[in-house]
Amino acid sequence: DFKSFCNAVVNGIAEYLLQYEIESIRLETVCHNNGVEHVGLVILLQGDYVSPTIYLEQYYQYMVRQQASLSDVLELVAKEYRRVEDCLQKQEPLTVDLDQMQSRVFLRLVNYERNQETLANCPYIPFHDLAIIFRCVFHKGENGMASSTVSEDDLKRWHTDTKTLYQLAERNTPRYFPPVIDRITAYLKARNCLPAFVEDEFSGECGELYVISNEMGLNGAGAMLYRGILDMCTELAGDSIYIMPSSIHECMFVEAGKVSEPKMLADIVKEANDSVLHRQDILSYNVYYYAVSYTHLRAHETLS
């Protein structure tokens, strides 16, 4: 079973990493977005205080699906560890002071109710039924990005506050994750990451459907918080828009004046959340309304 598999990896992985001076090997359960938990393998080298976490669920699924041997899996885990550790070694040493971190803080948008455990230990800003949290980049390259959530302890250590974090993140996030606004047809073709049924649902029902995300397509829903981004959306779609939080990775929007039955938008979001998205990727069941004359976003109560 999975528990026995994890223990076998802990007991056997050192033989595949003999070139490293390993201080400790342990399992760690990590709570991710919306309370989804994963079991991570943490291999800490002597003298280090930062270690990559390798999540083992995918390797267990691979072993079961491919009927692979444990040694085959350990080879894959060791290969991934060497890749990530090499990336970390190429980075400049990181300290824990604000001067080092202030250019690395960025924001992320999550569901408020589904992330109570995380929010209890980190600074955040409420945003309708969502919450703005903060993370720090340790590495960003072609193979992805390594980051960690800013905790209350970090806040005390840096002698700063949530308002300052937001000001830093507001400046840094568009730099790390440049925004993308595109028609859904072009977005689907380029990324193939949204359910195709959405396009069919809107065929002939509404005006043009657009997407807000970022260039990485990773946690792109937060792009709607970028300064001036919603005004750019209204320039494309009209003076008022409905915004559908289709996942933590992107939001969709459409001209409000061309939506004859607004509740249909909430029904589509609910269908995607319940039958298409992984629980970890759900952002909200609400639909939002934004108009240039309001200059702020509000939840559309009738669509909740």
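Me: Which residues line the second largest cavity?
Reply: In this predicted model, the second largest cavity is lined by Leu107, Tyr166, Ala169, Glu170, Thr173, Pro174, Leu225 and Tyr226. Its volume is about 30 Å³, and five of the lining residues, the largest share, come from helix α7, which covers residues 162–176.

Me: What lines the largest cavity?
Reply: The largest cavity, with a volume of about 70 Å³, has a lining that includes Phe106, Leu107, Arg108, Asn214, Leu218 and Tyr226. Strand β4, residues 105–111, gives the largest share of this lining, three residues.

Me: Why is His249 called buried?
Reply: His249 lies in the loop between β10 (240–247) and β11 (250–255). Its relative accessibility is 18%, and buried means under 20%, so His249 counts as buried.

Me: How do you know that the side chains of His249 and Asp281 are joined by a polar contact?
Reply: The contact between these two side chains is 3.2 Å, and a polar contact requires N or O atoms within 3.5 Å, so the distance meets that cut-off. Leaving aside neighbours within four places in sequence, His249 is in contact with Asp281 and also with Ser213, Gly217, Leu218, Asn219, Gly220 and Ala221.

Definitions and conventions
Residues are numbered from 1 along each chain as its sequence is written. This is a predicted model: local features need pLDDT of at least 70, side-chain atom pairs count only at pLDDT 80 or more; totals for chains, interfaces and linings use all residues. Side-chain values use heavy atoms; hydrogens and water are left out. On a 1 Å grid over the protein atoms alone, a cavity is a set of points where a 1.4 Å probe fits but cannot get out, and a pocket is an open set with protein on both sides within 12 Å along at least five of seven lines; lining residues have an atom within 4 Å of a point. Grid points are joined across faces, edges and corners, and a volume is the space filled by probe spheres set on the points. Helices (H or I, at least four residues) and strands (E, at least two) are DSSP runs, numbered from the N terminus. Buried means under 20% relative accessible area, exposed over 50%, partly exposed in between (1.4 Å probe, protein chains only). A polar contact is a pair of N or O atoms within 3.5 Å; within protein, one must be able to donate a hydrogen and the other to accept it, and residues adjacent in sequence count only if both atoms are side-chain atoms. Contact means heavy atoms within 4.5 Å.
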